[in-house]
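Please look through the structure below before reading my comments on it. I have kept them to a few numbered points.

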Amino acid sequence: MTLQGPASMPPRLGDHPEYDVVVRSYVQADRNMVGTRFPHALGPDEARDSRASLGAAARACGYSVARVGDLDAPCRSNLAERELYSRPYLLDDDNLAVLKRDSAAWLAVNDANHLSMRAALPGLDLEAAWDIVSAADDQLSDCLGDRPWAFDTGIGYIMSEASRCGSGLSARVTLHAPGLAISGLAETAFKRAMEAGFVVSGSYSSLAASGGSLFDLSLPYACRDPERAALGRLSSAARAIAEYERRARAELLSASPWDILDTIGRAAGKAAGARLLSRDEAADICSGLRLGLALGVLEGLSLEDATDLWPALRVKPAQADGEPEAALRATSLRRAVAGLRFSQGYIDV
């Protein structure tokens, strides 16, 4: 079977804040049920009972709920590549996949804590993502009735790890920063963010000057600030890095355009002509395409569709007649960029 909701689907076309640089805003709130041992300490019967209680509450609140073992392989791959669930979580057939039918919310049950309420939105929109998570928290708490969240007036919500007690909040933004990588400024820009207390990690590509750079900027693991204050600080840091990235792109394009135009041109050429693509090479190509579209060098593909190529091309395709996965990936990319072209001012540059 398959399971779908807005969270598992491509981003909709729209005016997403800071979307030329900020790919996604993610917010999570963890909760534990009072009177129930933490997930790592649950016996089989207790784990089954807690899954049943939380699954029933989720259904009553309008979520689609499925046992992971009942999902088909493409669906599980899609949930993993869109970063809804970790691969270890999806390897346990008894775990639950829970998606909201009408919003970008989803739930994990008996992961590190009894319930993780999650939401992600395109662009820099942490406040809106928090509103979704907060509404889910209120709704699910009401649906659980006599099994409220474990809470202490002195330390806040009780977590499975003592250092995380408090709000139970986690948040991150994913930034596409090829300009900083190509110009060699990424390390400096992100070092400032780390000095301010944020966590920086790379995704798909490294700091190498390849134009293929996705980075996650996250709240510190033990964040004790009020939720909106913490999210406001993270938003401010993301905006600052986004502005650094725009300056780097503009400087490269005006002062020394060959490196950045070569990155974009090679990406467009490989996308149109490659017959075999590894996952990592596809990620770098998608980065170059997105950079070209954001700068107006390329046209004929929306920024949303270009952004969705990252997870879409990493989903394991259904293979037929012995065709290798790398060939299927290349075919999918060629079809996706069929209308792509250089903008008038850059055709002969």
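Predicted model: local features only at pLDDT ≥ 70, side-chain atom pairs only at ≥ 80, totals over all residues.

1. Residues are numbered from 1 along each chain as its sequence is written, and side-chain values use heavy atoms, with hydrogens and water left out.

2. The largest nonpolar core has 71 residues, and those with the most contacts inside it are Tyr 63, Tyr 85, Leu 140 and Leu 217. Its largest share, 8 residues, comes from helix H7 (residues 227–255). A second, separate core of 33 residues includes Val 23, Ile 182, Leu 303 and Ala 330. Such a core is a set of buried Ala, Val, Leu, Ile, Met, Phe, Trp, Tyr and Cys residues joined through side-chain atoms within 4.5 Å.

3. Ser 25 lies in strand E1 (residues 22–31), and counts as buried because its relative accessibility is 0% (buried means under 20% relative accessible area, with a 1.4 Å probe and protein chains only). The side chain of Ser 25 reaches the backbone oxygen of Gly 123 at 2.6 Å.

4. Helix H9 (residues 279–295) and helix H10 (residues 303–314) pack at an angle of about 175°, with their axes 9 Å apart. H9 is therefore roughly antiparallel to H10, a term for angles over 145 degrees. By class, their contact (heavy atoms within 4.5 Å) has 11 nonpolar, 2 polar and 4 charged residues.

Technical notes: Buried < 20%, exposed > 50% of the residue type's maximum accessible area, 1.4 Å probe, protein only. Helix = DSSP H or I, 4+ residues; strand = E, 2+ residues; numbered from the N terminus. Polar contact = N/O pair within 3.5 Å; in protein donor to acceptor, adjacent residues only side chain to side chain. Axes fitted to C-alpha atoms, helices over the stretch in contact; angles between N-to-C directions. Parallel < 35°, antiparallel > 145°, perpendicular 65-115°, else oblique. Nonpolar A, V, L, I, M, F, W, Y, C, P; charged D, E, K, R; others polar.
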